[in-house]
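Welcome! Here is a short briefing to read alongside the model, arranged by topic.

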Protein chains: 2
Amino acid sequence: MTSVEEPARPNGRIRDAARTKAEILDVATREFARAGYDGARVDEIAARTRTTKRMIYYYFGGKEQLFTAVLERAYGVIREAEQGLDVEHLDPVAAIRRLAELTFDHHEAHPDFIRLVSIENIHGAEHIAASEKLGRIGSPALDVIRRILASGRESGLFTADVDAVDLHAMISSFCFFRVANRHTFGALFGRDLVDPAQREHYRSMLGDMVIAYLTADRAPR
Amino acid sequence: MTSVEEPARPNGRIRDAARTKAEILDVATREFARAGYDGARVDEIAARTRTTKRMIYYYFGGKEQLFTAVLERAYGVIREAEQGLDVEHLDPVAAIRRLAELTFDHHEAHPDFIRLVSIENIHGAEHIAASEKLGRIGSPALDVIRRILASGRESGLFTADVDAVDLHAMISSFCFFRVANRHTFGALFGRDLVDPAQREHYRSMLGDMVIAYLTADRAPR
DNA sequence: CCGTTAATGTACGAACCAGTACGTTAGCTA
DNA sequence: TAGCTAACGTACTGGTTCGTACATTAACGG
């Protein structure tokens, strides 16, 4: 999460714009994820940084723009993770499974990001729409999926007409739901979907599901 | 959504507790779904009813309890819908597909409910925890799934070890994500998952996915 | 037809909270 | 080392918003 580290020089200098901005973003991410957009308190964010509320307005302009900046950085992190995706050397089945597992892992490792996405959806994605960085940003994983699907189709392993965006949605659904709805699901069904003991179970369940879908003969009605 | 109808008697009487309560719940559902818990305004809810804010506190006690009451009713609606589930006469494959489709339809028909669930998760399901009606309520659909899975296993159609709660989570994931993340997904990928023209596409995609998972020979790694 | 109570309306207060006016200082540059 | 500006801090305000004190009336039971 690009967390703020102590500066290289022994004793921290008093003034460091980049560092102050990063610290505000760190704290704001947690606060927004904790309480939602309207539940988050600018004063609370300020109090948890080593600077003051004034700086939030100085650097970001306002609560709204701060939230947008938080979103931009969070999406940046997942983009970076997906950039480093290297599965092209695997056979299509193994490659898809690997991709699904990486998505699974990223969702689990970044619950704050999931919450931010939930919050942004409550507000109709208006901050993404207002952001220059985030419009139609897509996802690096999409290109990977496209290539794997193509090669899987060629070799006759996969059913012909599966769309890359749809498959991405399918994989994301499972990973997202498990983290996002952890609390209501747990309260209603008495089962913690993010229980570490069940991690491998759900991880392979996702892979099995996707592979089964891609390799099934689409006959049985 | 148990919407409020005009009373039977020709001219509405001034005082009607049940009706006032129901109207408050209707409006509150929309307002909470629109803006989230903290974003929702009690004054706004009051303004949109034919009564006053005083009544909200009179009947529900406060904003927090009002939200809980809204959740309770929303969950009640889906329970009712699932009660009327009649798929036992179908063969296991058709029965599961039908169940998945009904879940799909209910999610699509009740976006406000989906939003309320998202909001409740942002707040750690604390209202469900505080509610007597909603603790470990489960879901009628679960029993149906259990029975279908058992008969599917017996007849050798389904792979042995699939858990009913897990399957319910799998089906819900897809349905939930499509509605809940409609806005961010649309903004980032330029595809509207709830586009009516794509409805049948995603509906059958869900069914195919679930059936493929249940009927796959769990060998190919 | 009268009393009782559930139901309703009005007006207000107190706390909270996003945002800002104004003042100060660190640190670079010439 | 003087001067300039980016970076920072303090204190406050104006509007908002949940909640309530107090007043009132409808409708039913006896």
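The area buried between chain A and chain B is about 5,100 Å², and carbon and sulfur atoms give 65% of that area; buried area here is the accessible area (1.4 Å probe) that two parts lose on being put together, summed over both. This is a predicted model, in which local features need pLDDT of at least 70 and side-chain atom pairs count only at pLDDT 80 or more, while totals for chains, interfaces and linings use all residues. Residues are numbered from 1 along each chain as its sequence is written, chains are lettered from A and ligands numbered from 1 in the order in which they are written, and side-chain values use heavy atoms, with hydrogens and water left out.

**Where chain A meets chain B**

- Chain A brings 61 residues to the contact and chain B brings 61 residues, with contact meaning heavy atoms within 4.5 Å.
- Between the two chains, 20 residue pairs are in polar contact, both residues being at pLDDT 80 or more. A polar contact is a pair of N or O atoms within 3.5 Å; within protein, one must be able to donate a hydrogen and the other to accept it, and residues adjacent in sequence count only if both atoms are side-chain atoms.
- H9(A) supplies the largest share of the side of chain A that touches chain B, eleven residues; helices are DSSP runs (H or I, at least four residues), numbered from the N terminus.
- Four salt bridges are found across this interface, where a salt bridge is a side-chain nitrogen of Lys or Arg within 4 Å of a carboxyl oxygen of Asp or Glu.
- Arg191(B) forms a salt bridge with Asp166(A), with 3.1 Å between the closest N and O atoms.

**A look at Asn181(A)**

- Asn181(A) sits in the loop between helix H9 (164–180) and helix H10 (182–189) of chain A.
- Asn181(A) counts as buried because its relative accessibility is 3%, and buried means under 20% relative accessible area (1.4 Å probe, protein chains only).
- The side chains of Asn181(A) and Asn121(B) are joined by a polar contact of 3.4 Å.

**Around DNA strand C**

- Among the 24 residues around DNA strand C, those that come nearest are Arg15(A), Arg41(A), Lys53(A), Thr51(B) and Tyr59(B); a residue is near a strand if one of its heavy atoms lies within 4 Å of it.
- A backbone N or O atom of Val42(A) is 3.2 Å from a phosphate oxygen of DNA strand C.
- In Tyr57(A), a side-chain N or O atom lies 3.1 Å from a phosphate oxygen of DNA strand C.
- H3(B) gives the most to the surface near DNA strand C, with four residues.

Technical notes
Helix = DSSP H or I, 4+ residues; strand = E, 2+ residues; numbered from the N terminus. Buried < 20%, exposed > 50% of the residue type's maximum accessible area, 1.4 Å probe, protein only.
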